[in-house]
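User: Hi, I'm new to this one, and I'd like someone to walk me through it. Could we take it slowly?

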Amino acid sequence: MIPVHPSTAASARPRRGARSAAAPLRAGEHVVVVGYGPVAARFVEDAADLAAEGALRITVVGAEAEPAYNRVLVGEHAVGRTARDAMALSDPSALAAAGVEVLLGTTVVRLDRARRVLSLRDGAGAERELAWDRLVLATGARPNLPVLRGLNPDPAAYAHLPAGVTALRDLADAAAVRTVVARRGRVVVLGGGVLGLEAALAAAEAGCPVRVVHHGPWPMTRSLDAAGGALLDRALAGAGVEVVSSAQAREVLLDDDGAFTGLALEDGRTLPGELLLLSVGVRARTELAEGAGLRTARGVLVDHELQADVEQRVFALGDCAEVLCRDPSCTVCPDRAGAGPSGLIGPGWRQAEWLAARFRAELQAVAGGGTAVVEPLVQGPEPAVRLKARAVELACAGTVAGEPWQARPDGGSVVQWADGGAGGYLKLVLRPDRTLAGYVALGLPRAAAEVGLLHERGTPVPADPGVLLRLDGVDAPAPAAPGPEATVCSCAGVSAARIVRAVDDGADSLDAVRRTTRASTGCGGCTDRVRRLVEEHAARVPA
């Protein structure tokens with residue numbers, strides 16, 4: 001939990017400039033959350049006790065008819081590897097028991113900041129208004145639609161894509177994909193980023209012929225260097241995924257019934273298929289904020305306290321938010337550049353936890369006659385990008401450009417190793433103090449785990465980087481159990497010690513530990529590590 005405490009020392013509070021004159025959060029106010037995805041679900045879960053105590057009234061408005069679920073696992077659900085129940089992130093009945101109102105299948109049509117009112121429309125088309133005192137925008141991001149013949153590129157037209165064309169964003173998309181995968185249909189993926197490759201690998205593993213069309217010279221162009229990209233291309237081919245690089249799509253081909261039959265490329269080639277997966281990035285959902293006069297760029301602009309307006313009444317978090325603090329006197333995030341949607345669940349969860357902690361601290365401070373002090377929400381190291389697939393092990397983060405023989409402007413260095421036969425690749429970009437500015441680890445799962453910890457903690461790389469390669473050697477010892485303070489689940493920020501405590505307290509299975517600690521409820525990349533830790537420690541706990 002993020003540390004919070006009331007204090008009468010106003011100077012201890014992170015600076016807010018002119019915002020300090022805004023009215024503090026008071027007991028009984030109505031907090032409305034727009035959006036019911038993973039980030040909104042985390043905020044509501046952390047603030048539910050405030051509703052149960054009567055300190056706040058909380059309402060969640062979700063456009064989908066389904067309660068919050070883990071969208072990161074939609075692709076695995078589509079190919080039958082993850083059950084629907086394992087994706088659940090929220091229990092509306094439990095929230096209702098705590099006094100939280102959940103409105104499913106309800107769309108927010110308009111945001112009126114002057115009157116502090118939302119205009120809502122339910123699934124039957126009926127409209128009504130909902131008043132609020134504080135508003136939390138957690139609307140996430142929508143998939144980009146490419147400008148191609150046969151497609152309407154308007155993002156609002158996503159629900160009307162031709163049959164057989166999807167971006168695999170929700171449960172309805174997963175159901176459509178499952179019908180094609182069940183008959184081993186041909187799959188074309190447009191976009192060679194991490195999400196597109198994960199979907200391609202999952203479909204190939206299910207027995208589908210798969211082709212990935214990518215405009216860059218190698219897959220994951222923004223995250224990998226040329227050598228890493230070439231070796232990844234080879235690994236994908238070995239897993240049954242053909243990558244068509246440096247290719248531009250021109251037209252989506254449809255049959256007489258309007259269903260997808262193939263993708264035409266600019267060079268004249270046609271790639272036949274029964275399913276087209278669009279994976280060309282996402283765009284923050286900012287239309288509500290724009291209509292209400294809030295500042296937007298790549299997302300809804302917020303400061304480091306997630307505030308989108310000068311009155312401290314509207315907040316944004318998750319993929320719809322762009323943190324860009326413009327206070328020249330701010331000591332928390334000087335020179336921070338704004339960033340659009342990351343597509344990663346961990347940063348959004350940390351924002352949700354922080355905002356719930358802030359609301360709790362403000363209520364406690366008002367009740368005690370003091371001033372709320374909340375530890376600043378600071379930006380940690382750039383999260384790693386992990387390709388989660390059974391056939392390909394890849395992790396990368398930060399800056400990976402440069403060659404070992406080239407001098408680096410900052411005085412750092414580059415360590416690079418490759419094994420073309422085995423498909424292993426490790427690249428470390430080091431600062432002068434030997435901490436990691438970036439790295440790539442392909443086909444080296446143990447080295448990737450160790451390098452990831454070094455990057456996350458800002459720990460220098462060993463003087464002999466070769467010790468990292470030996471972790472994946474044939475005669476390498478069994479992996480040591482993670483130390484107590486080692487982070488096992490990066491998405492939820494769960495340490496090994498916390499998992500062990502949960503097992504000691506009776507959580508003797510993976511599902512039980514998930515419920516208790518939230519570990520392995522994010523991207524799923526740590527599931528095997530969490531399971532091993534649970535099984536190993538549970539075996540040592542006396543019956």
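**A first walk through the model**

Analyst: Let us begin with Arg446, which has its place in helix H9, a helix made of residues 445–457. Please keep in mind that this is a predicted model.

User: Okay, how accessible is Arg446?
Analyst: Arg446 counts as partly exposed, because its relative accessibility is 32%, and the cut-offs put buried under 20% and exposed over 50%.

User: And which residues gather with Arg446 in a patch on the surface?
Analyst: Arg446 gathers there with Arg386, Arg529 and Arg532, and together these residues form a patch of positive charge on the surface.

User: What about Ala447, is that one buried or exposed?
Analyst: Ala447, which also has its place in helix H9, counts as buried because its relative accessibility is 0%.

User: So what does Ala447 touch, leaving out residues up to four places away in sequence?
Analyst: With those left out, Ala447 touches Leu468, Leu471 and Asp472. For Leu471, which is 24 residues apart from Ala447 along the chain, the separation between the two C-alpha atoms is 5.9 Å.

User: Let's zoom out. How many helices and strands are there in the protein chain?
Analyst: The protein chain holds 13 helices and 29 strands. Of its 543 residues, 49% are buried, while its accessible surface comes to about 24,500 Å², with 51% of that belonging to carbon and sulfur atoms.

User: And for contacts between residues at least 6 apart in sequence, what share join residues at least 24 apart?
Analyst: Among those contacts in the protein chain, the share that join residues at least 24 apart is 63%.

User: Where is Gln312 found, and is it buried or exposed?
Analyst: Gln312 is found in the loop between strand S19 (300–302) and strand S20 (314–316), and it counts as buried because its relative accessible area is 5%, with the cut-off for buried being under 20%.

User: What about the phi of Arg434?
Analyst: Arg434, a residue other than glycine, also has a positive value, with phi near 70 degrees. Arg434 is found in the loop between strand S26 (424–430) and strand S27 (436–442).

User: And how accessible is Arg434?
Analyst: Arg434 is partly exposed, because its relative accessible area is 28%, which lies between the cut-offs of 20% and 50%.

Methods. Residues numbered from 1 in each chain as written. Predicted model: local features only at pLDDT ≥ 70, side-chain atom pairs only at ≥ 80, totals over all residues. Heavy atoms only, no water. Patch = residues over 30% accessible without salt bridge, like charges linked within 9 Å, V, L, I, M, F, W, Y side chains within 5 Å. Areas by Shrake-Rupley, 256 points an atom, 1.4 Å probe, with all protein chains shown as cover. Salt bridge = Lys/Arg side-chain N within 4 Å of Asp/Glu carboxyl O. Lys, Arg positive; Asp, Glu negative; His and termini not counted. Charge placed at Lys NZ, Arg CZ, Asp CG, Glu CD. Helix = DSSP H or I, 4+ residues; strand = E, 2+ residues; numbered from the N terminus. Buried < 20%, exposed > 50% of the residue type's maximum accessible area, 1.4 Å probe, protein only. Contact = heavy atoms within 4.5 Å.
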